Amino acid sequence: MGLFTRKTQQERQEEGLKIADDIAAGRGLMGKMTKAFMGSEFTAAVGQAAGSIHQAENVAVLRAAGVPTQEATVLGMQDTGQTVNDNPSIVLTLQVGAQAVAIQALVSRLEIPRVGETVLVLTDPQSGEMLYAGMASRA
């Protein structure tokens, strides 16, 4: 790539996420300086935010691949205090079948689930981790 070529929005987002991953892991000069000056709590928060973004991307890929979703009822929710592009990261306590499960997820600020509402979850076939897949359609 030349010095004056324009990057697409997606390329800029991918580059920014890579930088965030490097900072969270303490890699490179930027990561080491950030950890030294801002502290390990800050770099851990950056790592959690980057992890939320990766999780949301993973859910989109799994849904596109046809991984089935299942419905879950929201029993409770807790704000983590983190936001990514003004979208909050929250911990949802969900009733999935006969078990209660806690999931940390990045949710749209336009569709924040409330207690008693139905949401969709899916299970990652590789890791077995349950992931938040969005609000269930309201009939």
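These are my notebook entries on a predicted model of one protein.

**Ground rules.** I number residues from 1 along each chain as its sequence is written, and I leave hydrogens and water out of side-chain values, which use heavy atoms. In this predicted model, local features need pLDDT of at least 70 and side-chain atom pairs count only at pLDDT 80 or more, while totals for chains, interfaces and linings use all residues.

**Overall layout.** I looked up the secondary structure and found 3 helices and 5 strands. Helices (H or I, at least four residues) and strands (E, at least two) are DSSP runs, numbered from the N terminus. The order along the sequence is α-α-α-β-β-β-β-β. The C-alpha trace spans about 50 × 35 × 30 Å along its principal axes.

I then checked burial. Of the 139 residues, 32% are buried. Buried means under 20% relative accessible area, exposed over 50%, and partly exposed in between (1.4 Å probe, protein chains only). The accessible surface is about 9100 Å², with 54% of this area on carbon and sulfur atoms. Areas come from the Shrake-Rupley method with a 1.4 Å probe; for residues, only the protein chains shown count as cover.

Next came contacts, meaning heavy atoms within 4.5 Å. Among those between residues at least 6 apart in sequence, 45% join residues at least 24 apart.

**Largest pocket.** I read its volume as about 420 Å³. It has 17 lining residues, and Gln13, Leu17, Ile53, Val84 and Asn85 are the closest to its centre. α1 (9-25), α3 (40-64) and β1 (70-84) each give two or more residues to this lining. α1 gives the most, with 7 residues. By type, I get 9 nonpolar, 5 polar and 3 charged in the lining. Ala, Val, Leu, Ile, Met, Phe, Trp, Tyr, Cys and Pro count as nonpolar, Asp, Glu, Lys and Arg as charged, and the others, Gly among them, as polar.

For the record, a pocket is an open set of points on a 1 Å grid over the protein atoms alone where a 1.4 Å probe fits, with protein on both sides within 12 Å along at least five of seven lines; lining residues have an atom within 4 Å of a point. Grid points are joined across faces, edges and corners, and a volume is the space filled by probe spheres set on the points.

**Second largest pocket.** This one holds about 230 Å³ of space. Its lining has 15 residues, and the closest to its centre are Ala56, Leu106, Val107, Ser108 and Tyr132. The elements giving two or more residues are α3, β3 (99-106) and β5 (130-135). α3 supplies the largest share, 4 residues. The lining splits into 8 nonpolar, 6 polar and 1 charged.

**Loop between β1 and β2.** Asparagine 85 sits in this loop, with β2 at 87-96. Its phi is positive, about 55°, although it is not a glycine. Most residues other than glycine have a negative phi. Asparagine 85 counts as exposed because its relative accessibility is 71%. Aspartate 86 belongs to the loop between β1 and β2 too. Its phi is near 65°, also positive. Aspartate 86 is exposed, at 54% relative accessible area.

Is glutamine 55 buried or exposed? Glutamine 55 is buried, with a relative accessible area of 15%. It lies in helix α3. Beyond its neighbours within four places in sequence, glutamine 55 contacts Ile103, Gln104, Ala105 and Leu131.

Methionine 30 is in helix α2 (residues 28-38). It is exposed, at 52% relative accessibility.
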